[in-house]
Amino acid sequence: MAGSVLVCGGAGYIGSHMARLLAENGYDVTVFDNLKTGYRAAVRWGRFVAGDLLDPAALKELFASKRFEVVFHFAGLISVAESVAQPAAYYRNNVEGTLNLLAAMQAAAVERIVFSSTAAVYGNPISDVIDESHPKAPINPYGWSKRMVEQILADYAAAYGLRSVCFRYFNAAGAHPDGTMGEAHDPETHLVPNALRVAQGELPELRVFGRDYGTPDGTCVRDYVHILDLCAAHLAAIDWMNQTPGASIFNLGSGSGFSILDVIRTVAAVTGKPVPHSFGERRAGDAATLVADSRLARERLGWKPAFADLASIVETAWRWQQNRAY
Ligand SMILES: NC(=O)c1ccc[n+]([C@@H]2O[C@H](COP(=O)([O-])OP(=O)(O)OC[C@H]3O[C@@H](n4cnc5c(N)ncnc54)[C@H](O)[C@@H]3O)[C@@H](O)[C@H]2O)c1
């Protein structure tokens, strides 16, 4: 047994895949989740503890139940649009919830945490390819809530010696290749699952927001990274934190940009079905192009994405979409 780890938000899309990878690597996994946007059926690896990061008593009990070596913190509210309408809920859940988690860790002398940050901390990019030194200027409360936690982790490293890794994900996509688990946000705002639902006939058409961006085909360009590649980086973060004090930050993206129309074409090719779509106005807050420079993660963590092309990412998502268990 490789040690005990805690996966906060382990009933959600990314956290459930991480719980599985940790269990497959011999870790004793505990999942803590309030099931607000997650699924009990997604927790199939390790012990499940129902609870909320906004409940310090539940956290105290959780940390008394086991001695965790590392905490993986995926729990958060994730909708940009909702965060604009309900900033209080986002700051409370994502920032106060994290402060509660850090307090419980400190009381139990747990000194390592991996945190899910986001490309949204960069705001409107000033370059097409973004490395970690790009200015941080979030343009919505969701992005700010993540940026605040990054700062908190840096301050806790300096004052208390907490070791941390923040991963700034670009667009997480795909599903476990065995087809038994995958993305299930409700409402779903992500492009790949929505395009697949159109291909399947579950939705009549896909709305494309804006076709007048300064990109090759006028639609937004994004960087899609497979869920298992994201998880592999988190696994590598354990060794990294054992060797490296302080707070580290890494982008996680494939380094390749695909337009919305590229994704639609790929979904049509993989599924063999048409993806009817129409064009609407641009959405506020959408940058034209967001592509990661992930050299730092490759160099320092030895990270190498295994799902290098968009078609292989979409294939896994399609397998899940056709046979969704939740
Ligand atoms: N999906 C992406 O493309 C993407 C991109 C960038 C960053 N992220 C970040 O990655 C993390 C995971 O994203 P996801 O797509 O798996 O989202 P998700 O909604 O599927 O998972 C989040 C999980 O956290 C749980 N949770 C939320 N607040 C909680 C609380 N207060 N107490 C206990 N549990 C709580 C939810 O019930 C859910 O199971 C999030 O923090 C998100 O901001 C995701």
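Predicted model: local features only at pLDDT ≥ 70, side-chain atom pairs only at ≥ 80, totals over all residues.

Biologist: How many residues of helix 7 are buried, and where does helix 7 bend?

Modeller: Helix 7 (residues 227-243) is mostly covered, with twelve of its 17 residues buried. Among them are Ile 227, Asp 229, His 234, Trp 240 and Met 241. Helix 7 bends by about 25° at Ala 237, a residue that is itself buried. From first C-alpha to last, helix 7 reaches 25 Å, close to the 24 Å expected at 1.5 Å a residue.

Biologist: How should I approach the nonpolar core, and which of its residues touch the most other members?

Modeller: In soluble globular proteins, nonpolar side chains tend to be buried together. Here the largest nonpolar core has 103 residues, and Val 7, Cys 8, Val 71, Phe 72, Ala 195 and Leu 252 touch the most other members. Helix 7 provides the largest share of this core, ten residues. Because domain 1 (4-172 + 224-252) and domain 2 (175-223 + 255-322) both give residues to this core, it lies between them.

Biologist: Which residues does Val 7 touch?

Modeller: Leaving aside residues up to four places away in sequence, Val 7 touches Gly 15, Met 18, Ala 19, Leu 22, Val 29, Val 31, Phe 72 and Phe 74.

Biologist: How far apart are the C-alpha centres of the two domains, and which element gives the most to the side of domain 1 that touches domain 2?

Modeller: The C-alpha centres of domain 1 and domain 2 are 23 Å apart. Their contact takes 34 residues from domain 1 and 29 residues from domain 2. On the side of domain 1, helix 1, strand 6 (129-130), strand 11 (224-226), helix 7 and strand 12 each supply at least two residues. Helix 7 gives the most to that side, with eight residues.

Biologist: Why does Phe 250 count as buried, whereas Asp 55 is partly exposed?

Modeller: The C-beta neighbours decide the matter: 20 or more within 10 Å make a residue buried, and 12 or fewer make it exposed. Phe 250 counts as buried because it has 24 C-beta neighbours inside 10 Å. Asp 55 has 14 other C-beta atoms within 10 Å, and is therefore partly exposed. Phe 250 is in strand 12 (residues 247-252), while Asp 55 lies in the loop between strand 3 (47-50) and helix 2 (56-65). Beyond four places in sequence, Phe 250 touches Glu 132, Val 165, Phe 167, Leu 296, Ala 297 and Leu 301.

Biologist: Finally, which residues are closest to the ligand?

Modeller: Of the 27 residues that surround the ligand, the closest are Gly 9, Gly 12, Gly 38, Gly 76 and Ser 116. Helix 1 (13-24), helix 4 (87-107), strand 5 (112-118) and strand 8 (171-173) give two or more residues to this shell. Helix 1 contributes the largest share, three residues.

How values were computed. Residues numbered from 1 in each chain as written. Helix = DSSP H or I, 4+ residues; strand = E, 2+ residues; numbered from the N terminus. Expected span 1.5 Å × (residues − 1). Bend = angle between axes of the 7 residues up to and from the residue. Core = buried A, V, L, I, M, F, W, Y, C linked by C-beta atoms within 7 Å. Domains from an automatic or database assignment. Contact = placed C-beta atoms within 7 Å. Near = placed C-beta within 6 Å.
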